[in-house]
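Please report on the cavities, helix packing and backbone of this model. Keep it brief.

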Amino acid sequence: MSMAELGRDLRFASQLLERQPFQVLVQVTNRCNLTCSFCDFWPNGAHPREELTTADFQRLADQLAELGTFLISIEGGEPFVRQDLLEIVRAFGKRHVPVLYTNGWFATEEKVKELFAAGLAQVGVSIDYPEAARHDAKRGLKGCTERAWRAVDLFRKHAPHGSRQVHVMTVLMHDNQDALEGLLQQSAAHDVGHCLTLISTMGFRRGKEVTDRVPDVALSQELLAQWKRYPHFRMFRDYLAGIDSFLGDRSRLPVCRAGTQSFNVDHLGNVSPCIEKINSRFGNVRDEPLSAILARMRDPEEVRGCQDCWTLCRGFNQSLGQGGTLRGWLDLGGRMRSS
């Protein structure tokens, strides 16, 4: 680990201990080459001239740095459709911890090397089924499974810290609730990590397709057993343990901290408590300082008592927010490290 990385990690840990906001989800675009049935972004894309510019992202990174060091999830749509993705990653990579989520279609050897050189800390490539035909069908483009695994191998090849910086990201849903073991075996064979997020069906514009449902069986016990069997299964155990509560008695879940310790910035610059409530806009980073927006949004009424999702971004908050849990810190310092 370099001194710069060590300093960044120490600043991030200090922010967690001080119970400050620490996580930002950033949609750099809604445009995408895939048409996943459970995603509402690609049908609602904006023209590139309407999206935040590279300069906008640099200002956002600078304003975030005034508040601390943040885990930045760079998402889409598909981030690679942005011609300036490298500059966006570089803007966040100077003082933050940028994680890129991609379907892998547009990844090339040159782009992958440049992204890591720009400060990319970790990357997740979306793969939902062990069988290519099922994943291709779900994502709406023939050949996307092959492209995804090729991207996994490229990222693994050029990551400065190897497999610790690359993982497969699986959306866990009713349709693949029995398929995770096969996927874990595949990601292990490619020598990369593996993460999952429970599908969201109750957020803004979510749940349109009846085929996209949450699992209908208890899963936490088996997922925790798989966590023990597969060292590359890089998940917070607190998150895996909470899945059954979400599927059953949600009153047992902890209070959501979206808007307080995490927030969302969409491709147009609108700031909302979370990605599931992007219609609840508290301001726009083009119009006023981020600090003013966050002061207005802190502990938003829209989130109080909300138990509509149990996605991985919430899992980070539940494991690390408000000082974190002991198990969350152990997982962060062990399984979840990217360097």
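The report below covers basis, cavities, helix pairs and backbone.

## Basis

This is a predicted model, so local features need pLDDT of at least 70 and side-chain atom pairs count only at pLDDT 80 or more, while totals for chains, interfaces and linings use all residues. Residues are numbered from 1 along each chain as its sequence is written, and side-chain values use heavy atoms, with hydrogens and water left out.

Helices (H or I, at least four residues) and strands (E, at least two) are DSSP runs, numbered from the N terminus.

## Cavities

The structure holds three cavities of 30 Å³ or more. A cavity is a set of points, on a 1 Å grid over the protein atoms alone, where a 1.4 Å probe fits but cannot get out. Grid points are joined across faces, edges and corners, and a volume is the space filled by probe spheres set on the points.

The largest cavity has a volume of about 110 Å³. It is lined by 16 residues, and the closest to its centre are Ala 258, Ser 262, Cys 274, Cys 313 and Arg 314. Lining residues have an atom within 4 Å of a point. β1 (23-27), β7 (262-265) and α11 (312-320) each give two or more residues to this lining. By class, the lining has nine nonpolar, five polar and two charged residues. Ala, Val, Leu, Ile, Met, Phe, Trp, Tyr, Cys and Pro count as nonpolar, Asp, Glu, Lys and Arg as charged, and the others, Gly among them, as polar.

## Helix α2 and its partners

Helix α2 (residues 54-67) packs with α3 at an angle of about 15°, with axes 8 Å apart. That makes α2 roughly parallel to α3. Angles under 35 degrees count as roughly parallel, over 145 as roughly antiparallel, 65 to 115 as roughly perpendicular and the rest as oblique. Axes are lines fitted to C-alpha atoms, for helices over the stretch in contact, and angles run from 0 to 180 degrees between N-to-C directions. The α2 and α3 crossing is right-handed: the near helix is turned clockwise from the far one by less than a right angle.

In α2, Thr 54, Phe 57, Gln 58, Leu 60, Ala 61 and Leu 64 meet Glu 87, Ile 88, Ala 91 and Phe 92 of α3. Contact means heavy atoms within 4.5 Å. This contact has seven nonpolar, two polar and one charged residues. With α10 (residues 290-297), α2 packs at about 60°, axes 10 Å apart. The two are therefore oblique to each other. Leu 60, Gln 63, Leu 64 and Leu 67 of α2 meet Leu 290, Ser 291 and Leu 294 of α10. Here the count is five nonpolar, two polar and no charged residues.

## Helices α7 and α8

Helix α7 (residues 180-189) and helix α8 (residues 220-229) pack at about 20°, with axes 12 Å apart. They are therefore roughly parallel. Their crossing is right-handed. Leu 180, Glu 181 and Leu 184 of α7 touch Glu 222, Leu 223, Gln 226 and Arg 229 of α8. That contact has three nonpolar, one polar and three charged residues.

## Backbone

Most residues other than glycine have a negative phi, and most peptide bonds are trans. Gly 76 and Gly 77 are joined by a cis peptide bond, with omega about 15°. Gly 77 sits in the loop between β2 (71-75) and α3 (85-93).

Arg 19 has a positive phi, near 60°. Arg 19 lies in the loop between α1 (3-17) and β1.

Technical notes:
1 Å grid on protein atoms, 1.4 Å probe; cavity = no way out; pocket = protein on both sides within 12 Å on 5 of 7 lines; lining within 4 Å.
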